[in-house]
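Hi there,

Here is the structure I promised to send over. Have a look at it first, and then read on for what turned up in it.

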Amino acid sequence: MSVYKRLELTMITGKTLRGALLLMGLCIGSGAQASCMVVGDSIGVGIGAALKGVCQSSAKVGISSIAVAERVRAGAHWTIASLGSNDFPRGIGAAQRSQSEARVRSALVSASAKAGDHLILVLPANGARGIVQSWASLKGVRTVSFSPGPDGIHPRNYNALGREIQSRISD
């Protein structure tokens, strides 16, 4: 093989190698960011929008805690779950409250079983907050809270909540 042919082959191989290294760097760089899935109710919808391009989302306005837990999939590195808000409507009676508490606890157990150690629960701003918070504390599950907006239910600032969640999944 001539010197020129070897030089040309080396240059092509070098370009190919540089291209492969660049591609690996991009893949490693994007892999350094934690993969995640947001599941939830309307709060989950807002969080999913705030984390668009960072996390996948499977959230729907008005769904129950049980429906949220059904959306949790094993395999996502992090699961951010917003549940409980729709199970505790304003003016709930004592009998309904007891049933709602049981549904929320059941959903928490189910979500945790699927998500494993990489679960972050968004603490609701209504009557479900104490249940979610005490369950998470007892089980060692991470939580994130927010300042509610004018309606007393939804976050005042979804982007701030999204940044808080991103900082937690980056650790």
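The protein has six helices and five strands, where helices (H or I, at least four residues) and strands (E, at least two) are DSSP runs numbered from the N terminus. Starting at the N terminus, the order of elements is α-β-α-β-α-β-α-β-α-β-α.

Some housekeeping before the details. This is a predicted model, with residues numbered from 1 along each chain as its sequence is written. Local features need pLDDT of at least 70 and side-chain atom pairs count only at pLDDT 80 or more, while totals for chains, interfaces and linings use all residues; side-chain values use heavy atoms, with hydrogens and water left out.

The mean pLDDT (the predictor's confidence in each residue, from 0 to 100) is 83 for the protein, and 79% of the residues score at least 70. Confidence is highest in α2, at 98, and lowest in helix α1 (residues 3-31), at a mean of 39. Over residues 3-33 the pLDDT stays under 50, and the model has four contacts beyond four places in sequence for that stretch; a contact here means heavy atoms within 4.5 Å. Where pLDDT is low, the predicted coordinates should not be read in detail.

The disulfide

How many disulfides does a search of the whole structure find? There is one, a disulfide being a pair of cysteine sulfur atoms within 2.5 Å. Its partners are cysteine 36 and cysteine 55, with their sulfur atoms 1.7 Å apart. The pair links distant parts of the chain, 19 residues apart: cysteine 36 sits in strand β1 (residues 36-40), and cysteine 55 in the loop between α2 (42-50) and β2 (56-59). The torsion about the S-S bond of cysteine 36 and cysteine 55 is about -90 degrees, so the disulfide is left-handed. Cysteine 36 is buried at a relative accessible area of 5%, and cysteine 55 is buried too, at 10%. Buried means under 20% relative accessible area, exposed over 50%, and partly exposed in between (1.4 Å probe, protein chains only).

The cores

A nonpolar core is a set of buried Ala, Val, Leu, Ile, Met, Phe, Trp, Tyr and Cys residues joined through side-chain atoms within 4.5 Å. The largest one has 23 residues, and Leu83, Val104, Leu108, Leu121 and Val132 have the most contacts inside it. The elements giving it two or more residues are β1, α3 (65-71), α4 (94-115), β4 (119-122) and α5 (129-139). Helix α4 provides the largest share of this core, five residues. Apart from it lies another core, of 15 residues, including Cys36, Val38, Ile47 and Ile169.

Leucine 121 is worth a click: beyond its neighbours within four places in sequence, its contacts include Leu108, Val132 and Trp135.

Two helices to look at

In α2, the buried residues are Ser42, Ile43, Gly44, Gly46, Ile47 and Gly48. They pack against β1, β2, β3 (78-82), β4 and α6 (158-170). At the start of α2, a side-chain oxygen of aspartate 41 comes to within 3.1 Å of the backbone nitrogen of isoleucine 43.

Serine 100 lies in helix α4. Is serine 100 buried or exposed? Its relative accessibility is 2%, so serine 100 counts as buried. Leaving aside neighbours within four places in sequence, serine 100 is in contact with Asp87, Phe88 and Ile92.

Best wishes

Technical notes
Polar contact = N/O pair within 3.5 Å; in protein donor to acceptor, adjacent residues only side chain to side chain.
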